[in-house]
Amino acid sequence: MKAVRYHKSGAPDVLTYEDAPDPRPGPGEVVVRVAACAVNRLDIWARSGRYPTQLPHILGTDVSGEVVDAGTGVVGVEKGTHVVVYPVISDGTCQFCLKGMPNLCLRRGFVGIATDGGYAELVKVPEANVIPTGTVEPKMAAAMPVDFGTAWSGLAKAKVGAGDVVLVWGAAGGLGHAAVQISKSLGAEVIAGVNGATKAGFVKSLGADHVIDYGSVDIVEATKSLTGGLGASVVFDHVGGETWGKSVDCLARGGRLVSLGLTSGPKSEVDVRRVYSDELKIMGVYGQSKADIANVLKLAADGKLTPSIYKELPLSSAKEAHEVVESRGVRGKVLLLP
Ligand SMILES: [Zn+2]
């Protein structure tokens, strides 16, 4: 098969479009013919060496396609089924797996990091890692598991609903644009935070009620001003160290800070007094469950969520796709098509 591999970590030009062996399914495994694979920041970090992988390695965590082969013992999925890949690999036996939290598995990994992923014509995954896509078309489906699944997981944990005001950092990016749409679908008022006024029109088109360009105004003052001085009841933060302290300052009393990762550094200065005296809740979110992904696929099938595809590129242009994602100008998702 054709695949994009890297033989050493480094800059985008280590990504090489080449021939690789076809994956053969072992017991309990299926092979998916890849229709589309979305590019995530996780891919960038692995390629650059922040997440070591076996070499040569095939990236690709967000995959949709059709099941074309199955190993012995596979009973739950038939050839020809259109699926997305559930990205979390778990052992199924540790105390967290047994409690239904595979994303906290003591031996967790991700498809495309711990194993070869979807930057290829074919990918092999455990049977437990496929989810039927129903009527959601393959490109849309590939754009959903990591960003929409994770955003759903966080906003559901925060019990977002009518009456909430949700502030979303980085609202034009993959995770942010998912959070805006999901928050609106749950009945909340949404303040979209963007870095650069040129993204305002995009986030408004997703349904955002207000837009704050935190590249040019103070996000804390602007959030207070939009909420009658109270602050947001939920802040959706996937930027990390640069923003955490401000996220706390943006919250209303009793507010929930949903922390889903970082694109800036890991350290932040937080006014701890606000956390206890205003009974703030800090909610960490790592990955997502299969049910989270099934939920967002259903909402997409019903027309309530629509992943925005910023760019589609052939698999052979993976280097360009990484450069686009690293440019930070992205609105929505970048897809690779084998
Ligand atoms: Zn486990």
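Modeller: Let us begin with Gly71. Apart from neighbours within four places in sequence, Gly71 is in contact with Pro25, Gly26, Pro27, Gly28 and Glu29. Please keep in mind that this is a predicted model.

Colleague: Where is the place of Gly71?

Modeller: Gly71 belongs to the loop between strand 4 (62–70) and strand 5 (82–85).

Colleague: Is Gly71 buried, exposed or partly exposed?

Modeller: A residue is called buried if 20 or more other C-beta atoms lie within 10 Å of its own, and exposed if 12 or fewer do. Gly71 has 16 other C-beta atoms within 10 Å and is therefore partly exposed. As for distance, Gly71 and Ala120 are separated by 49 residues in sequence and by 19 Å in space, C-alpha to C-alpha.

Colleague: Why is strand 3 described as largely enclosed by the rest of the structure?

Modeller: Nine of its ten residues are buried, so strand 3 is largely enclosed by the rest of the structure. For the chain as a whole, buried residues make up 49% of the 338 residues.

Colleague: What is the strand order of the open sheet of six strands?

Modeller: The order is 12-11-10-13-14-15, and the pairing is parallel. Strand 12 (210–213) and strand 15 (281–284) stand at the edges with a single partner strand each, so one side of each has no neighbour in the sheet. From one strand to the next, the twist averages 20°. Within this order, strand 10 (residues 165–168) and strand 13 (residues 232–237) run parallel and are joined by three bridges; Val168 has Phe236 in strand 13 as its bridge partner.

Colleague: Which helix lies across strand 10, strand 11, strand 12 and strand 13?

Modeller: Helix 7 (residues 219–226) does, running at about 160° to strand 12.

Colleague: How is the packing of two helices described?

Modeller: Two packed helices are described by the angle between their axes and the distance between the axes. For helix 4 (residues 145–157) and helix 10 (residues 290–301), the axes come within 8 Å and cross at roughly 105°. That makes helix 4 roughly perpendicular to helix 10. Pro145, Phe148, Gly149, Trp152 and Ser153 in helix 4 meet Asp292, Ile293, Asn295 and Val296 in helix 10. By class, the residues of this contact are five nonpolar, three polar and one charged.

Colleague: Finally, how many helices and strands does the chain have, and how compact is it?

Modeller: The chain has eleven helices and 17 strands. Its radius of gyration is 20 Å, close to the 20 Å that the globule rule gives for 338 residues, so the chain is as compact as a globular protein of that length. The C-alpha trace spans about 60 × 40 × 35 Å along its principal axes. Among contacts between residues at least 6 apart in sequence, 67% join residues at least 24 apart.

Technical notes. Residues numbered from 1 in each chain as written. Predicted model: local features only at pLDDT ≥ 70, side-chain atom pairs only at ≥ 80, totals over all residues. Helix = DSSP H or I, 4+ residues; strand = E, 2+ residues; numbered from the N terminus. Rg over C-alpha atoms; globule rule 2.2 N^0.38 Å. Contact = placed C-beta atoms within 7 Å. Axes fitted to C-alpha atoms, helices over the stretch in contact; angles between N-to-C directions. Parallel < 35°, antiparallel > 145°, perpendicular 65-115°, else oblique. Nonpolar A, V, L, I, M, F, W, Y, C, P; charged D, E, K, R; others polar. Pairing = 2+ DSSP bridges.
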